[in-house]
Amino acid sequence: MRHAFERFVEGIVRETDSNREERKDLYEELLSHLECSFIDYQKQGFSEEEAMRTAMTNFGEEREIGKQLQQAMYPYRREMMLSLSVASLLFAYVVYICQLFVMGDAHIPWLIVAVLISTALLVTTVRPVSSLNRRLWVNSLLLTHILTYFYGLLLATDVYHPISIGLTIIAGLILILAIVLVYRTTIYDYSSKRQPLVKDAKRVHFVNITTGIFIVLVTLFFLWSFLLFSVGMSPRVFILFIPLVIWIISYASQMHLLSRQKKKWAYTILFIQTAVILWAVGFLLLGALGGLA
Amino acid sequence: MNKSFKFLIGGIGFVTIVFIALGFMFAKDEHEKQNGLTSIYDVLADGSIAYVAFEDGQPGIYFTGNEKPVVQKPVDKTILEISFSKDGKKLAYVVTKKEMSSESESAVHLLQLDTLEDRLLFQDTGLITELAFDPKDSEMLFYLHAATFTNYSPIAREHPHDFDVHSYHLGDQKRTKYTNLKKYSMRSLQVSPTDETVYVQMDDDANVQTAEDVYASRQRIFEIPLHAPDQQSVISNPVGEEDIYDFLLLPEREEIVYQAVAGTGPNGIFEYELFTFNWKTYETKQLTSLKEHTAKPRRGPDNRIYFLVDRNFGGREPVYQLYRMSEEGKDIEEVLLH
């Protein structure tokens, strides 16, 4: 009996995006629920065979229940991931073909990376692997996707007008969807068991992800300018990555302090980090306005 | 993994392999991408027009009415300039490699227009950027020679520099260097139909002392007497605040038709128009108001002025169209080359 129930519950749990710990909890909960029903039916006079079958039949079809659980636990996450992977795949093919037949350039390495990353997203969405369904892995996949498709955005803008307009808009939408998924993966979908201050952790994650996106964009811009105007590669290029490294250290230390319930210190670092960035933005804006005047 | 999922992943793999194969088949080398009309053309007194156009990266010299080129070079070569002789029997042209460097060489060819016999006149290290037959002697070919091809600033692109005026005599095959200016830039070589004089556009920077002076200096048109090349004089407005980029002499009218910036378009891109300057009266008139990139004025038959308009100036690739008009800037009409 227990073996049949275990297989039945495994089929349900497999349909969710839960990580290993969450799956274990869910598995135990569903199994105990089934066993209670089984005992109830036996008390009502059902034979063991009948009680087992009735308990599972009344529970519902495995895949359907799995899907309902997935929707309840992670609303629209799978649809978003599917949309991202399918749209990314189609975009990669269309941009590649436009670059090839309009511009005469074959971006083969980019196509391979873009297809691999989009297929990886598709596979992990349709067939989730519990050991890989962790915040770190999913975010790594999404960040690799964002970098790959940021290059895709540049390829889209490079195609002759007006083809470039539509492609650039699609690339922008794909990147926004991927960024939204990074936010929800980090803040809502995969919370850390080691983090006791859940609400504070969500706030700190939100501010840091936003700051991180800004710092990465500014770093890429300065890197592009440096490479455009420099004759050869220079070790000085690594200076450009200092803000990014400081941000990573600051983010990690905030989360570490929160996990040790040192809320004040975590928020102090967050405040200093945000103030420095706002000051830098203000300084640059004033400089730009001064230059225009 | 069920069957349909395996089929989907297999399908993605198959499509990707097909696209990669297409990439290997249809990707073009940078040199093969060029197509269409360039800014290089010349007009004969009888109205014949020779122009340089690219066909899948191959530069060719074409004549109006003929779809096939009279000269076509391989994709790694480019034609820098063409010039008809005054008698209309010869066409000189310069060929160099597309990949330009300080080691570039230029080959000057002569095309006999009646027989289409093509012969190499001479080769020279450096870049020969412009050619002009002497209207008084169809055996004498003047040219602008750039001794270096480099970028003087890390934020600037490489360009030909150290320009001087030279000539080649077709009869005795003698080359002569007239100036020793090593000019940063020199363009629009023209030869006087009456005197031993050439005209070029270059920076008016002979008396500059400081970086501010260099910045404030203007590009003007200079007259260079060949017997005394050091005695150059400015024939465009010597105190004008505008830069002159290209020009055409109309000696009988004592006028210069020149190209200069007329304003800025709504997209922030400069609009270049053609103007006239009378060197006796100092009167300046605007000839065209096309609000485009108007360039390369050339003299045609019936006192018509031919010029190019780049319909995609500021864009990735220029899109040239040839026009003509009267010397007063009237009756502008497009000249169809095919």
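Just past the end of helix 10 of chain A, A:Gln261 takes a positive phi of about 60°. Bear in mind that this is a predicted model.

Reader: How do you know that the length of helix 10 of chain A agrees with its number of residues?
Author: Helix 10 covers residues 242-259 of chain A, 18 residues in total. At 1.5 Å a residue they should span 26 Å, and the end C-alpha atoms are 26 Å apart, so the two agree.

Reader: Why is A:Phe222 called partly exposed?
Author: A:Phe222 has 15 other C-beta atoms within 10 Å. Buried needs 20 or more and exposed needs 12 or fewer, so a residue in between is partly exposed. A:Phe222 sits in helix 9 (residues 198-229) of chain A. Between A:Phe222 and A:Phe241 there are 9.8 Å, C-alpha to C-alpha, and the two are 19 residues apart in sequence.

Reader: Over in chain B, what makes strand 13 largely enclosed?
Author: Strand 13 of chain B runs over residues 186-191, and five of its six residues are buried, so the rest of the structure largely encloses it.

Reader: How do you know that strand 13 of chain B pairs with strand 14 of chain B?
Author: Count the bridges: there are four between strand 13 and strand 14 (residues 197-203) of chain B, in the antiparallel sense. A pair needs at least two bridges, so these strands qualify. One bridge puts B:Arg187 with B:Gln201 of strand 14. A hairpin of five residues joins the two strands.

Reader: And what makes strand 1 and strand 2 of chain B a pair?
Author: Strand 1 (residues 36-43) and strand 2 (residues 49-55) of chain B share five bridges, again in the antiparallel sense. With at least two bridges required, they count as paired. B:Val43 stands opposite B:Ile49 of strand 2. The strands form a hairpin with five residues between them, and in the turn B:Gly47 has a positive phi of about 95°.

Key:
Residues numbered from 1 in each chain as written. Chains lettered and ligands numbered in written order. Predicted model: local features only at pLDDT ≥ 70, side-chain atom pairs only at ≥ 80, totals over all residues. Expected span 1.5 Å × (residues − 1).
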